[in-house]
Amino acid sequence: MRFWLAFVLLAPLLLWQGRRARRDTPRLPEAGGADHGQAGAGGAPLRLLLVGESTAVGVGVREHDQGLGAQLARALHRQQGRPVAWRVDGVNGIRAAALATRLADRPAPEEDLVVVSLGVNDTTGLTSPRRYQRELGRLIDTLRRKRPGLPVALLAVPPMQHFTALPRPLRDVLGARAGQLDRAQQALAARLPGVHALAYPVVADPALLAEDGYHPGEAGYAHIADRVAPALAALLP
């Protein structure tokens with residue numbers, strides 16, 4: 001209720017700031033190169049799948065090998081001392097509902113662990129927390145349709161109040177909405193066995209950001225991976 005009150009009262013300013021941010025923020029493409037790879041060698045690898053929106057598909061870096069999927073694989077390889085094969089599947093700008101539909105048309109994943117990175121586009125698109133939770137649940141069911149026990153880790157909805165490329169009060173209002181979606185995500189994880197909510201490391205240092213000041217750069221993705229890898233390792237048998 002507080003969100004909508006703030007949104008209505010500030011609507012003219014927020015809409016103006018939103019249009020200006022879209023106009024002034026550089027539009028970066030998804031990463032190029034192979035959307036899969038392996039960190040380390042020797043023995044059967046741990047298989048990791050990363051699905052989601054712009055952070056999953058490496059917006060902010062040139063090649064997927066610099067993005068979050070590859071960085072998570074390297075961090076897990078250092079953590080566990082075993083090779084980690086990684087793959088990414090997502091679309092820049094996608095929301096939970098569309099991602100669930102997209103993955104339903106693909107073969108069920110064979111990986112050992114899935115990481116989901118979503119929420120920014122549902123935040124900016126004003127998806128309600130209830131609907132976001134429902135569509136996220138549908139996405140998880142789709143991922144696990146052939147393997148009900150497949151471990152799934154939900155990377156927290158990014159704290160948009162820290163997105164310094166966005167002006168205030170726009171980023172504060174979006175940050176409040178992102179927090180609502182993240183709480184819905186945490187509640188879903190708490191009631192689904194084998195689904196875990198991960199914290200999102202704040203990426204505010206300009207040195208960690210891409211040129212748009214919005215997405216992580218290569219150092220930013222490495223920063224996130226290093227901080228979530230221990231929690232991911234704890235989910236593995």
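Me: Which residues have the most contacts inside the largest nonpolar core?
Reply: This is a predicted model. Its largest nonpolar core has 35 residues, and those with the most contacts inside it are Leu-48, Leu-68, Leu-72, Leu-76, Val-115, Val-228 and Leu-232.
Me: Which elements give two or more residues to this core?
Reply: They are the strands S2 (46–52), S3 (84–90), S4 (113–117) and S5 (152–155), together with the helices H2 (68–80) and H7 (218–234). The largest share, seven residues, comes from H7.
Me: What does Leu-72 touch?
Reply: Leaving out residues up to four places away in sequence, Leu-72 touches Leu-48, Val-115, Ala-225, Val-228 and Leu-232.
Me: How many residues are in the other core?
Reply: That core, which lies apart from the largest one, has 30 residues, among them Ala-96, Val-120, Leu-143 and Leu-170.
Me: On to helix H3, then. Which of its residues are buried?
Reply: In H3 (residues 96–104), the buried residues are Ala-96, Ala-97, Leu-99, Ala-100 and Leu-103. They lie on the same side of H3, because they cover an arc of only 165 degrees around the axis.
Me: What do they pack against?
Reply: The buried residues of H3 pack against S2, S3, helix H4 (120–124) and helix H5 (129–143).
Me: A change of topic: where is Gly-32 found?
Reply: Gly-32 is in the loop between helix H1 (2–24) and strand S1 (36–39). With a relative accessible area of 26%, Gly-32 is partly exposed.
Me: And which residues does Gly-32 touch?
Reply: Not counting residues up to four places away in sequence, Gly-32 touches Arg-62, Glu-63 and His-64.

Definitions and conventions
Residues numbered from 1 in each chain as written. Predicted model: local features only at pLDDT ≥ 70, side-chain atom pairs only at ≥ 80, totals over all residues. Heavy atoms only, no water. Helix = DSSP H or I, 4+ residues; strand = E, 2+ residues; numbered from the N terminus. Buried < 20%, exposed > 50% of the residue type's maximum accessible area, 1.4 Å probe, protein only. Contact = heavy atoms within 4.5 Å. Core = buried A, V, L, I, M, F, W, Y, C linked by side-chain atoms within 4.5 Å. Arc of directions from axis to C-beta.
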